[in-house]
Structure formats: C-alpha cells, structure tokens
Amino acid sequence: MIAYLPELYPDELVYSWFCRYAVHSGNIGNRRTLQELYCKKSDYPSKEFIGNLNQKTKNSIEKIYSMNDMILCHTMYPQYARFLPLKKKKETLYQLKHGNCDVHHLFSISPRCEQEQYLKYCPICAREDREQYGEAYWHRKHQIRNLCLCPKHQCKLMDSYIPVKSMNTYTFSAAELNIPDTEKYRTEIIYEDNPRKIQFANYMEQLFDSPVHLDNGIPIRAILYHWLKKTPYMKSTGTCRYTAKFTEDMQGYYQDLALNRIASMSQIQRAILSGALYDFSVICQIAFFIGIPVEELIFPKLTDEEIEEEKSSHTVKDFFPVNWEQYDIEIASQLKILAHDIYTGADSENGRPERVSERLIYKRLQIPSHRLAKMPRCKEILKEYEETFPEAWARKLIWAYETLKMKKGKGEFYWCDIRQLSGVKKKYFEDVIPYLEKWADEDTVKELVALVGGK
C-alpha cells in the first residue's frame with residue numbers, strides 16, 4: 001500500500017512524480033519502486049505516460065487526483081492526441097485510463113531524431129523549482145517535440161543524460177539528482193534572440209497547455225483547408241493547391257529557426273490533403289506559418305457546410321504530383337532510425353526486439369501501403385533487416401531469457417515468464433532451435449532448451 005505520495009507540481013510529468021516518490025520513500029534500487037507501483041515486474045511504463053498501475057496504487061492516487069486529470073495535465077497526451085479524430089481521441093483516453101496498452105498501439109509516434117533522445121530541462125526553471133519547492137522536477141512542456149527553448153525564460157533547453165525511451169532497463173531518475181545546479185557548477189545559460197523562434201515556442205506552448213476538448217468533432221484537415229484558402233497556396237474555389245510552392249516557402253521560413261525537424265513535403269501532404277497525419281509538431285508548423293490563431297485551433301468556428309466542402313475537396317487532385325526521389329530520400333532518413341529501433345527493441349516500451357516488416361513500417365511512418373515498391377533507398381534499408389519468422393523468434397527468446405536472468409537470477413523463472421515477455425509460443429520452439437546459436441553461446445542455448453523442455 002502506498003503510504004505517502006508527494007505533492008504533484010504544476011506541469012510535472014507523472015514519471016517525475018514517481019521518481020520523487022522513489023527518493024522520498026527511501027527505496028533502494030528501481031525494482032522495489034516498480035513492484036510498489038505497477039502490476040508486474042515486466043511492466044515497462046512509458047516516461048511520457050503513466051503505465052499499468054496496480055489497483056492499490058490507483059486507489060491511493062485517486063484519493064488525491066482523478067486519472068483523467070493525471071492523463072490530461074501530467075502526461076504528453078495533449079501532444080499525441082490533440083488533433084486526432086474525436087472518436088479516436090476518446091478511445092485513447094479510455095485505454096490510457098483503464099487498459100495496459102503499448103502507447104505505440106494507440107498513437108502514431110514518429111521515430112525520435114538525434115536531438116530528442118533525452119529528457120530536457122530549463123536551467124532557470126530548475127533553479128526556480130529548487131527555490132520554491134526545494135527540488136527540481138521534469139516539466140512536461142520541456143519534452144514537447146521540436147520545442148528548443150523555454151517559452152517562459154526564452155533560453156535554450158538543455159539535454160539531461162536520462163533517455164526518454166525506457167530501453168531494456170527502467171530507471172527512476174529524479175530531476176533533482178540529474179539536473180546540475182546552475183549556481184554551483186556555473187552552467188552557461190544560452191538565451192534566444194530570434195523573435196520568430198520565441199513566437200513559435202510560445203505558440204506551441206499555448207496550444208499544448210490548452211484543454212483537450214472531447215466534444216469538438218471538427219477535423220483538423222477542415223481547419224487547415226479553410227485557412228489555406230485565404231493564402232496564395234490554394235485557389236479561393238479550393239480546386240487547386242500548390243503544395244510544392246507551399247512546402248518550399250514553409251521550409252525556408254523555418255530554416256533559420258534551427259528546429260530539430262522541419263516538416264517534409266510528404267508530411268505536409270498527408271496533413272493537408274489526406275488528413276492522415278496528426279503530428280503535433282507538423283501541424284503547429286503549418287498553422288503558425290499560415291497565421292492560424294491558437295484560439296481557432298482550439299475553438300474552430302466552421303459550419304457543417306464548410307466541413308462538407310472540405311470533404312468534397314478530397315476528389316480534387318493536387319496540382320503537384322509526388323516527387324518519388326525526394327520522397328524516398330525523406331522517408332529513408334526516418335526509416336533508417338525506425339528500422340534499427342524496431343530490430344533492437346528501442347521502439348518498444350519493454351525493450352523487446354521485433355521483426356522489421358513492411359506492414360509495421362507503414363503503420364509507424366503513416367505512409368500508404370505499397371509505396372515502398374517505388375522507393376529504392378527504403379527497400380535497401382529493409383533488405384538489411386530481412387529475416388524469417390523463426391529467426392526473429394530466436395532473437396526474442398534469447399533477449400527474454402537474458403533479460404529475466406539479469407532481473408531474477410538463473411533458475412528463478414520459468415517458461416511461462418519467457419513466453420509472456422517474448423511473445424513466442426511454445427509450439428514454434430522446434431523451428432527456432434537451429435537459429436538460437438546465432439544469438440547466444442552454447443551454454444545459454446542449452447539452458448534455454450532445458451528450461452523449455454526441448455530436446
């Protein structure tokens with residue numbers, strides 16, 4: 001039973017709250033805290049969300065905070081769900097509240113670029129937190145994708161050494177122990193002097209902080225469509241959109257802002273033309289560039305006739321056809337990171353490696369099926385990860401065995417534990433045996449075979 005929970009600070013990530021709980025409760029090591037908070041030892045909660053809490057922990061929390069408020073105000077839900085269709089928005093909120101679902105199955109989460117691998121912090125915010133609360137904590141808005149500076153203090157956000165992804169080992173890394181004291185260590189604070197970059201940061205912050213309304217069903221593509229009609233990039237009749245010119249101008253506009261990632265043509269096309277992309281950063285870039293006020297994104301004032309007009313415009317062909325070479329180059333840069341993360345397990349919350357399949361790639365990158373057939377660079381990347389199902393199962397089994405041996409110790413777990421962690425059924429084990437030695441030494445293979453009961 002959770003006897004004590006510290007105060008939850010403004011804009012604090014739930015992960016940060018649990019880190020402070022671990023410190024305040026005096027737990028030695030991460031395993032004890034995981035056991036106290038979560039249902040199973042194998043639970044690997046996302047640092048951006050909450051995870052599969054056990055019922056006792058939920059009961060303790062709900063005496064102080066509602067789960068809805070926790071998700072809406074203390075996780076990254078507003079970033080990933082803000083522009084989803086209304087039905088999907090409600091479903092994801094329900095699953096986060098009641099289910100134990102991998103967030104990658106709920107949201108289309110893009111691979112992280114090199115600049116977004118670690119939790120970020122503002123050195124001035126950390127100093128103010130220590131002065132007001134006696135300790136620093138991880139702020140939500142500092143983790144917004146493509147937010148490079150603190151909107152409050154207009155200084156550059158700093159990288160910590162704490163990975164955003166859980167990887168193979170979940171740790172509770174409190175901000176107070178991992179953010180250096182600016183006074184003690186004379187940390188250099190870099191202030192931003194680009195007014196457009198400051199305005200864009202304030203725009204993203206204001207939109208992120210705004211309430212996520214669960215009663216507004218106006219699709220984001222309709223909002224973008226009607227604001228584009230007011231620009232030179234679409235005819236006032238809505239019959240022609242100059243996507244190539246729009247992309248060129250928008251990318252040039254953001255070039256000197258040094259964003260971590262500027263929206264590509266394919267992303268812009270999917271957001272504006274098909275309405276198949278709901279990425280917070282991409283839509284913010286589009287909306288800020290064409291001058292949509294934040295209020296119009298939160299409280300859109302479109303009539304039913306205007307929404308229907310946008311729907312009927314889908315039959316209109318875009319003025320600019322797909323540039324397959326450029327499209328291939330853009331997607332290949334994302335695919336290289338994503339395929340590696342899927343193969344090694346970095347893409348999964350519990351660190352489990354997966355088989356790199358075209359179907360999974362289409363889902364993760366939000367691109368229409370069969371397009372990879374026209375993209376030679378992407379096809380070459382996928383060839384590097386080609387493997388049969390038994391080969392993939394062998395990798396998963398060895399990973400699960402090594403993970404459990406490290407956590408519990410040799411002889412302290414059973415086949416059912418390996419089955420649950422790896423996802424590999426026992427009926428396939430005979431097919432897997434020939435490939436086990438590729439991923440483990442002879443002794444490990446013998447131990448695994450003996451544990452499973454194979455020959």
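Analyst: Helices here are DSSP runs of H or I with at least four residues, strands are E runs of at least two, and both are numbered from the N terminus. This is a predicted model, where local features need pLDDT of at least 70, side-chain atom pairs count only at pLDDT 80 or more, and totals for chains, interfaces and linings use all residues. Residues are numbered from 1 along each chain as its sequence is written, and side-chain values use heavy atoms, leaving out hydrogens and water.

User: Happy to start with Lys184: why is this residue called exposed?

Analyst: Lys184 lies in helix α10 (residues 182-185). Its relative accessible area is 63%, and exposed means over 50% (buried is under 20%, partly exposed in between, with a 1.4 Å probe and protein chains only). Lys184 is therefore exposed.

User: And what makes α21 roughly perpendicular to α23?

Analyst: The axes, lines fitted to C-alpha atoms over the stretch in contact, cross at roughly 75 degrees and come within 8 Å. Angles run from 0 to 180 degrees between N-to-C directions, and 65 to 115 counts as roughly perpendicular (under 35 is roughly parallel, over 145 roughly antiparallel, the rest oblique). So α21 is roughly perpendicular to α23. Their contact (heavy atoms within 4.5 Å) includes Trp393 and Leu397 of α21 and Phe429 and Tyr435 of α23.

User: How do you know that the protein is as compact as a globular protein of its length?

Analyst: The protein has 24 helices and four strands. Its radius of gyration, 24 Å, is close to the 23 Å that the globule rule gives for 455 residues, so the protein is as compact as a globular protein of that length. That radius is taken over C-alpha atoms, and the rule is 2.2 Å times the number of residues to the power 0.38. Buried residues make up 52% of the 455.
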